[in-house]
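Welcome! Try each one before reading its solution.

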Amino acid sequence: MNENRNPVELFEEKAKAVSAVVSKVASMREAVAYALDVCDKKQACQLLVSGCSEPLSEKGQALCETKQQKVIAAPGLSPEFFADLEGSARERGILCIEKGMRDHLGGVDIGFTLADFGIAETGTLVIISNSEELRLATMIAEFHVAVLPQSKIRETSRDLEAELVALTSVQPSYTAFVTGASRTADIERVLALGVHGPLELHILLLED
Amino acid sequence: MQQAKNLKEYRAELREALGDEFLRQAMDKFARFYPGARARAFAGMDVDGLIREIAEAKDKAAARMDELYEQFKAKAEAAGVKVHLARTAREANEIIAAIAKENGVKYVVKSKSMTAEEIHLNDHLEAEGYEVTETDLGEWIIQLRGEGPTHMVMPAIHLSRYQVADLFSEVTKQKQEVDIEKLVKVARRELRPRYIEADMGVSGANMAVVETGAIGIVTNEGNARLVTTLPRVHVALMGLDKLTPTLAEGLRVLRVLPRNATGQAISSYVTWINGRNECAASPDGKKIMHIVFLDNGRSALARDPLFSQVLRCVRCGACANVCPVYRLVGGHRYGHIYIGAIGLILTYFFHGRDKAKNLVQNCINCGACKAVCAAGIDLPTLIKEIHARILDEEGHSAPSTLLAAVLKNRKLFHSLLRTAKLAQKPVVSGGYIRHLPMLLAKDQGFRVLPAIAAKPFRDLWPRIRPEVKSPRYRVGLFSGCVQDFVYPEQCVAAVNVVAGKGAALDFPMDQSCCGLPVVMMGEIAAARDVAKQNIRALDPGKYDYILTLCASCASHLKHGYLKLLGDDPAWAVKVRQFADKVIDFSSFVHDVLKLTPEDFRKDGGSVTYHAPCHLCRGLGVKDAPRDLMRDAGLDYKPSEEEEVCCGFGGTFSMKFPELSAELLAKKLDHAEATGAQTLVTDCPGCVMQLRGGLEKKGSPMRVKHMAEILAQQIK
Ligand code: SF4
Ligand code: SF4
């Protein structure tokens with residue numbers, strides 16, 4: 001069906017179909033700026049979306065109170081780009097962390113990561129999540145912003161088979177396929193995003 | 001969980017479910033949405049090919065389950081994971097409780113796992129003093145309500161947003177708004193602390209890949225990721241059937257599973273875990289990981305020549321999505337733990353005969369589940385086979401033994417029918433039985449039943465037998481009992497259509513009932529005897545075609561006989577020959593005789609169609625009847641859900657009249673909504689059901705067998 005389709009375009013179409021926000025970026029620097037911007041634009045009461053404004057039990061409320069500041073978690077970034085991100089974040093009053101995710105289980109605003117592969121047919125990101133920090137950043141964040149180099153997009157999972165066998169054979173390893181935001185349709189089959197994981201997934205297609 | 005002890009209690013449960021308006025509407029909405037969503041998800045893909053590949057690969061894996069287990073174990077243990085094999089549910093529970101104890105666990109979080117449901121893991125852990133929280137939203141909701149899941153993929157489909165809001169208000173001790181998005185957020189926040197304080201996470205797994213040593217977990221909510229990441233201990237529980245030799249095979253299952261389950265191209269998250277990953281909460285910084293494989297009858301199943309195909313199941317739940325009976329009564333009434341078509345079968349193997357014996361009778365044998373199964377499992381046949389096994393184990397009921405004895409003896413059967421014709425005299429009027437004796441009439445009032453005809457077709461035959469000079473085809477006509485004794489006019493109509501077009505018909509008198517009713521009742525031995533009788537009567541050596549006007553007979557003669565006799569060396573060749581020649585009326589007229597619009601009159605009025613289950617799915621005949629109606633000068637108006645069962649199902653409609661009535665009502669509503677004058681179908685059983693229902697309703701719509709409407713139109 002998808003023969004002769006440009007995999008980047010196909011990826012974009014399929015990812016959007018599962019409510020991912022897809023943009024193209026020309027450089028890592030641009031991607032870093034994008035993440036900061038998204039974080040900045042989030043509501044002043046940054047936790048509105050994830051449930052803290054709802055009436056909660058005492059325990060639920062207590063966890064909400066552990067988060068007092070906007071946070072970007074960016075594990076796995078090269079030192080150069082992390083320094084870049086952190087510098088600009090500080091100017092805007094945003095905390096930027098690359099480790100210590102377990103101190104932020106109440107939630108972080110943005111998880112900023114680099115994806116390792118993309119599967120166009122389903123709009124899927126493949127993310128090597130062997131590091132716990134990285135894993136948690138993509139699970140706990142309200143928004144997940146992932147950078148995907150366009151050269152790493154394959155049309156189907158079959159075209160990526162050898163790589164996937166290699167990745168998942170590493171012991172220990174934790175390899176994640178991520179397609180769209182966390183979702184549920186468990187109440188009356190109405191689709192709701194962000195039930196446990198990110199409410200929004202932003203994919204930045206990096207020209208490389 | 002299904003609780004009824006006997007059929008009477010079971011029927012009471014069914015009635016209760018039928019009275020649940022919300023459940024009915026929710027299920028109905030989904031049932032209408034699903035076929036289109038599935039078709040869109042598979043657009044452009046070779047679905048049948050994929051399903052065949054999955055079936056083949058899974059069969060191979062099942063045949064070497066022990067070996068795959070040993071290989072996987074060695075791989076995973078090399079990475080520091082402890083791998084266990086539990087022979088029984090109890091053993092699995094004990095292993096998992098011991099892991100908890102050994103690690104000083106207090107709190108457990110779980111991500112959805114049917115296997116954990118199968119063994120009642122929560123009950124066991126709670127009894128041992130652990131606090132267990134389900135984290136899948138639907139599972140959490142029903143856990144809070146103390147219920148079992150209604151659907152494999154949508155466990156809380158039976159609950160409304162109002163019920164969930166009330167429940168969450170109670171749990172948080174705060175008044176919650178009735179707004180689904182907000183309720184989901186509340187669950188997000190309320191569950192988050194549970195992950196954090198949990199010491200142990202229990203997950204299921206969708207596959208264990210031998211080649212890599214990794215397990216693969218598929219989720220939409222992402223809760224499995226948290227369950228496998230935050231607590232210091234991770235226990236993955238899965239059936240031995242989840243072992244797959246290569247990742248490529250796992251990826252193939254992944255292409256089909258979400259598409260077949262909900263019409264999604266892929267689930268939001270697929271997680272591959274191999275070995276002891278980093279875990280800051282663990283004393284040595286690495287996750288304590290255990291994998292528990294459950295046998296619980298699976299290795300015995302793998303050795304069973306017929307039932308080993310059950311192990312192909314990927315738990316997509318599609319067989320429930322399309323089951324018309326499940327759609328009416330929901331999961332608690334159509335399965336014990338596992339639900340839907342596969343649920344009936346697994347209940348017998350995993351939870352025992354007592355839990356399964358009422359459930360298996362509830363299958364109407366419409367074949368919708370088989371047509372949609374991601375793994376090509378012949379579900380309806382297996383359900384019938386289990387019914388038969390239960391009868392053999394528990395003893396056959398009086399009516400079923402009696403029917404078996406009668407059908408085995410054609411002469412007795414036919415003379416009983418003739419006697420019945422006399423006995424019904426006082427209660428017949430206008431061709432219908434109007435005043436059934438109370439005993440028989442109980443709950444059958446939703447339709448009127450036809451009277452037995454004054455003269456059966458076999459008595460008419462010698463007089464109407466057509467002379468065909470230089471015939472194009474020699475055709476043996478198989479009437480089936482309903483057309484022979486109740487609707488002989490349908491056969492007469494068929495004779496008028498085909499004989500005029502060069503087919504020489506023969507009607508052997510020794511033919512009898514096709515035997516499907518005894519299969520439905522689980523009387524397999526009698527079914528074999530009847531099959532042999534019919535093959536002898538209609539010797540395939542004498543005919544080019546064996547023609548029948550009954551979709552159910554046709555499908556049984558073609559596929560059922562092969563299953564009954566195909567392995568019998570004395571019959572294998574004959575039965576294959578026989579099956580090859582069986583053809584249904586519409587296909588014969590359309591594909592063989594190739595009648596064209598020139599053969600018919602114009603302006604025959606408007607018609608709509610009901611596709612008999614055993615024709616559209618049983619024989620895969622879809623276009624022939626519809627093309628024929630158009631060719632025959634009829635204005636064909638397609639109706640909604642044309643291929644959904646009308647609720648007849650032979651003895652099913654007698655045993656479960658409430659369900660039959662519901663299915664019929666929906667079918668008639670759809671047909672009437674087209675505004676057509678006549679409802680056409682290809683099966684005398686369906687005619688009986690549809691006509692009886694319309695007559696009862698006082699509807700002006702007429703029902704005709706395809707042969708009758710064609711006879712009316714033919715030049
Ligand atoms: S054959 Fe029909 S009634 Fe029986 S389980 Fe399958 S779908 Fe349900
Ligand atoms: S039996 Fe087939 S359709 Fe039903 S859950 Fe299993 S794989 Fe899916």
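**Exercise 1.** What percentage of the 208 residues in chain A do buried residues make up?

*Solution.* Before we start, note that this is a predicted model, in which local features need pLDDT of at least 70 and side-chain atom pairs count only at pLDDT 80 or more, while totals for chains, interfaces and linings use all residues. Residues are numbered from 1 along each chain as its sequence is written, chains are lettered from A and ligands numbered from 1 in the order in which they are written, and side-chain values use heavy atoms, leaving out hydrogens and water.

Step 1: buried means under 20% relative accessible area, exposed over 50%, and partly exposed in between, with a 1.4 Å probe and protein chains only. Step 2: by that rule, 59% of the 208 residues in chain A are buried.

**Exercise 2.** Describe the secondary structure and extent of chain A.

*Solution.* Step 1: take helices (H or I, at least four residues) and strands (E, at least two) as DSSP runs, numbered from the N terminus. Chain A then has six helices and twelve strands. Step 2: along the principal axes, its C-alpha atoms fill a box of roughly 55 × 45 × 35 Å.

**Exercise 3.** Which residues come nearest to ligand 1, and what classes make up its shell?

*Solution.* Step 1: count a residue as near if one of its heavy atoms lies within 4 Å of the molecule. There are 14 residues around ligand 1, and B:Cys323, B:Cys363, B:Cys366, B:Gly367 and B:Cys369 come nearest.

Step 2: look at the helices. In chain B, α15 (324–329), α18 (368–372) and α19 (379–394) each give the shell at least two residues.

Step 3: sort by class. Ala, Val, Leu, Ile, Met, Phe, Trp, Tyr, Cys and Pro count as nonpolar, Asp, Glu, Lys and Arg as charged, and the others, Gly among them, as polar. The shell has twelve nonpolar, two polar and no charged residues.

**Exercise 4.** Which parts of chain B does the pair B:Arg353 and B:Glu393 tie together?

*Solution.* Step 1: a salt bridge needs a side-chain nitrogen of Lys or Arg within 4 Å of a carboxyl oxygen of Asp or Glu. B:Arg353 and B:Glu393 form one, at 2.8 Å from N to O. Step 2: B:Arg353 lies in helix α17 (residues 353–356) and B:Glu393 in helix α19, so the pair ties together parts 40 residues apart in sequence. Step 3: check accessibility. B:Arg353 is partly exposed at 32%, and B:Glu393 is partly exposed at 40%.
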